[in-house]
Amino acid sequence: RPSRETKMGGSASKTKYTAPAPVANKWYDDFVVKLPDQSGKVFAITGCTSGTGYAAAVAAAKKGAHVIMLNRKSERATAAQAKLADDVPGSKITAIDCDLQSFESVKLAAGMLKEQFPGGIDVLCNNAGVMALEDQATKEGYDVQMQTNHLSHFLLTREVMPLLEKASETKGEARIVNHSSLARNGKPLEAKYFDKNGGNLGGNGASMIFGGARWVRYHMSKLANVVFTLALAEKLKAAGKTKIKVVCAAPGLAATNLQVTTHVDGGMNDTWIMRWAQSAADGSMGILHCSFAEGVESTDFFEPGGMTGIPTRKKLGSQCTRLDSLKMLWEESEKACGSWTI
């Protein structure tokens, strides 16, 4: 059980948060039972060694999908693949190395996907993310949060689009699912967060309440997930490729390793809010609904009604729907990842 030592007033604390808060599943199990069968489908997901990603992978495997686990090469990734095989005996699993902090790794992963799955991919779930990390650059020079959370997913989606098109043609539809956050709320996107400014974007202020720079960068990356959803959906519609749906979800407050990593990195001193968290599995219901539920339409956004609970369709705030933001995001993402004509 995570230990906590907090000073009075809930400000700076000597908190020790070394593992996700233990929370029992409340809705996930029944939710998964009600999802449609996915036999014959291919489900690819980033960031699934634990947390919402692993829970989504388990659900996909239970529903009969062939699960592609896209993770950075590590012992955790190997262990997660073995655990999934144990948790869902007889499941079809493929693991492909994909480090979202390296464009080269993403391109190599996409090449392997094209080689191993010529029949197409039914669902690409861009789930992986990091939160409130230090102001540092990737080897390509971009902010570590923006590259991990958005730019590499933009690149991955572009690279595997032919596989999504193949599935949409042969099976009637394909889906791209992006994973955002409550942190999308706030000021509109700014171009500087997409440029090669890693390590020079405000420093390491860690206050969630008072706009610490770590959290501003996280906000920008999570807002980018939503804006990317709308921009890509618009371009697919204009190209007549409406069988490919682009949707987005947010998990609410879920107890995962995301908070552990952020705490260890110095971005989340107080973890008292986690006492109200739902389980990681319950937090996965949004992306699962977007991935598999019937009646989902392009540009839909699903999120719990409060901090926790069953995801419902939500109306997006104006910071998500600004046309100038859609245009800027696409241009800046192309500048980083290369041109993309749909």
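Biologist: How many helices and strands does the protein chain have?
Modeller: In this predicted model, the chain has 11 helices and 10 strands.

Biologist: And what share of the residues is buried?
Modeller: Of the 342 residues in the protein chain, 55% are buried. The chain still exposes about 14500 Å², and carbon and sulfur atoms supply 51% of that area.

Biologist: What about contacts between residues 24 or more positions apart? What percentage do they make up?
Modeller: They account for 77%, counting the contacts in the chain with a separation of 6 or more.

Biologist: Which residues of H4 are buried?
Modeller: Those are Phe103, Ser105, Val106, Ala109, Ala110 and Leu113. They cover an arc of only 155 degrees around the axis, so they sit on the same side of H4.

Biologist: Why do residues three or four places apart in an α-helix point the same way?
Modeller: An α-helix has 3.6 residues a turn, so residues with that spacing end up pointing the same way.

Biologist: Back to H4, then. Which exposed residues are on the face turned away from the buried side?
Modeller: That face carries Glu104, Leu108 and Glu115.

Biologist: New topic: the largest nonpolar core. Which of its residues touch the most other members?
Modeller: This core has 59 residues, and the ones touching the most other members are Ile68, Leu113, Leu164, Leu189 and Leu232. Among the elements that each supply at least two residues of this core are S1 (42–46), S2, H4, H5 and S5 (174–179). Helix H6 (213–238) is also one of them, and the largest share, 12 residues, comes from H6.

Biologist: What does Leu232 touch?
Modeller: Leaving out residues up to four places away in sequence, Leu232 touches Thr157, Met161, Ile176, Val246, Trp330, Trp340 and Ile342. There is also another core of 36 residues lying apart from the largest one, and its members include Tyr54, Leu84, Met285 and Ile287.

Biologist: Okay, loops now. Where does Asp135 lie, and is it buried or exposed?
Modeller: Asp135 is in the loop between strand S4 (123–126) and H5. Its relative accessible area is 13%, so Asp135 counts as buried.

Biologist: What lies 3.3 Å from a polar atom of the Asp135 side chain?
Modeller: The backbone nitrogen of Gly202 does. Apart from residues up to four places away in sequence, Asp135 touches Gly198, Gly199, Asn200, Leu201, Gly202, Gly203, Asn204 and Arg217.

Technical notes
Residues numbered from 1 in each chain as written. Predicted model: local features only at pLDDT ≥ 70, side-chain atom pairs only at ≥ 80, totals over all residues. Heavy atoms only, no water. Helix = DSSP H or I, 4+ residues; strand = E, 2+ residues; numbered from the N terminus. Buried < 20%, exposed > 50% of the residue type's maximum accessible area, 1.4 Å probe, protein only. Contact = heavy atoms within 4.5 Å. Areas by Shrake-Rupley, 256 points an atom, 1.4 Å probe, with all protein chains shown as cover. Arc of directions from axis to C-beta. Core = buried A, V, L, I, M, F, W, Y, C linked by side-chain atoms within 4.5 Å. Polar contact = N/O pair within 3.5 Å; in protein donor to acceptor, adjacent residues only side chain to side chain.
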